[in-house]
Amino acid sequence: MGRLYFRLSLMREPAVLQANSAAFYGLALESHIIELYANAVATFLTQLRKPYFVDPVFYKFSAPIFSELSEKRWVDSLSPHYGIETLLFQFPEGFEVANLEAVPDLAKIVSSVLEYQRRRVPSLNAGALSLASLTGQVTAAAGPPEFLVVPYLLVSERASIRSNLRLAREGARVKQKGERLYAVLALSRDYFGSESDLEYITREYAKVDLDGYLIWITDFKDWEEDSEVLKVFAGFVRRLSAESKGREVINLFGGYFSAVLAARGLLGGSAQGVGIAEFRDPLVTGGGFAKRYYVPISHRFVSVDLADDLRDASPSVFSCSCPECGTAPRPGSMSVQALAQHFVSVRTQEFQLAAGTSAAAIADQLSRDRTTLSRIKVPGIASLTSAHSRRLEVWEKSLRDLVQAGLVA
Ligand SMILES: [Zn+2]
């Protein structure tokens, strides 16, 4: 069985995660979030006592992403840790792959980024602990992350793959005894159509002394992709692992389907957002906070207005037994916090259920749920329930094909 991680992005999320902490494995932290909310993150980790890893988000300093970021308060604090002030001074709009390649002491930057991951949270923790002891709270110091992550760029062409490989090799060279090191493969979904690129990536990365991979298919939403794409995704995961003699692969931005693949052990883990965004588009920053409700039977988010309509159309099909829904008459009356709490409860339940069931049985359940949804013919929501029904059918068929192909069981 793989592991379920949640990603911390906003400071209203700790309470939501704390309440469900027994039901998931660990935390995915991003370095710019650590810098933005240093004290709050440190305090949270001492209380949560969960394994974590740090995504160094090195790509955020590259062009064109850096110039398009609306939120940069973390830059002044993070760049000295990474030793990239000179690079940023030279390329204030963000560096290109070639600029990075020309840096004389790239090894030193890689080393600094890894050192940041080793030390940052434990050192912040020391401060949080002394504060907590003053107020009599019982806390424990968080240690280093469970694995280190090589700095990476988004892959746009072969040159950026080669650059990422170089960063990975530098990382492997300075990895310390007993440490595990993971590389991020941040690829566009377009690469699924390029057999030669996928072959190159799996082969070349397997040669580097790494312990696992984090994959981020930048425009991949597992609740929208057709069956072929889902299967290529699963096949790529299997290939990466097989080619490297069993290294684990964690999906960095997963939805329901990834949670199932992790629960069934094809993925070593799936990292989930806390209901704000389950996928990541590198060129979009910020984002609104339209209130959305996660519909358990559909494994999809809808606006709270539509969620109310669904609940009215069939209270039994669209009910939820989580503590938040138990006390709220309708999704529209729930706070953003309660909606996130509901999502985290449901996602952890989905994961645990999938972990204790065969993939074939999950497909059977999806099939029953799709029939249930397709029978709801209430005007105004029929097109929605029928779209959700079709989505369950895509997941069901994909899972059955993956079982057939021997990728999941
Ligand atoms: Zn609920």
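Which residues of strand 3 are buried on one side, and which on the other? The views below begin with the sheet that holds this strand. The model is predicted: local features need pLDDT of at least 70, side-chain atom pairs count only at pLDDT 80 or more, and totals for chains, interfaces and linings use all residues. Residues are numbered from 1 along each chain as its sequence is written.

View 1. Strands (E, at least two residues) and helices (H or I, at least four) are DSSP runs numbered from the N terminus; two strands pair if DSSP finds at least two bridges between them.

**View 2. Strand 3 is covered on both faces.** Y52 and V54 are buried on one side, F53 and D55 on the other. A residue is buried if 20 or more other C-beta atoms lie within 10 Å of its own, exposed if 12 or fewer, and partly exposed in between, with C-beta atoms placed from the backbone. Four parallel bridges join strand 3 to strand 2 (residues 26-30), and V54 is the bridge partner of L29.

**View 3. Strand 4 pairs with strand 5 (residues 181-187) in the parallel sense.** Two bridges link these strands. L148 stands opposite L181 in strand 5.

**View 4. Buried and exposed residues of helix 16.** The buried residues are A359, I362, A363, L366, D369, R370 and L373. R368 and T371, on the other side of helix 16, are exposed.
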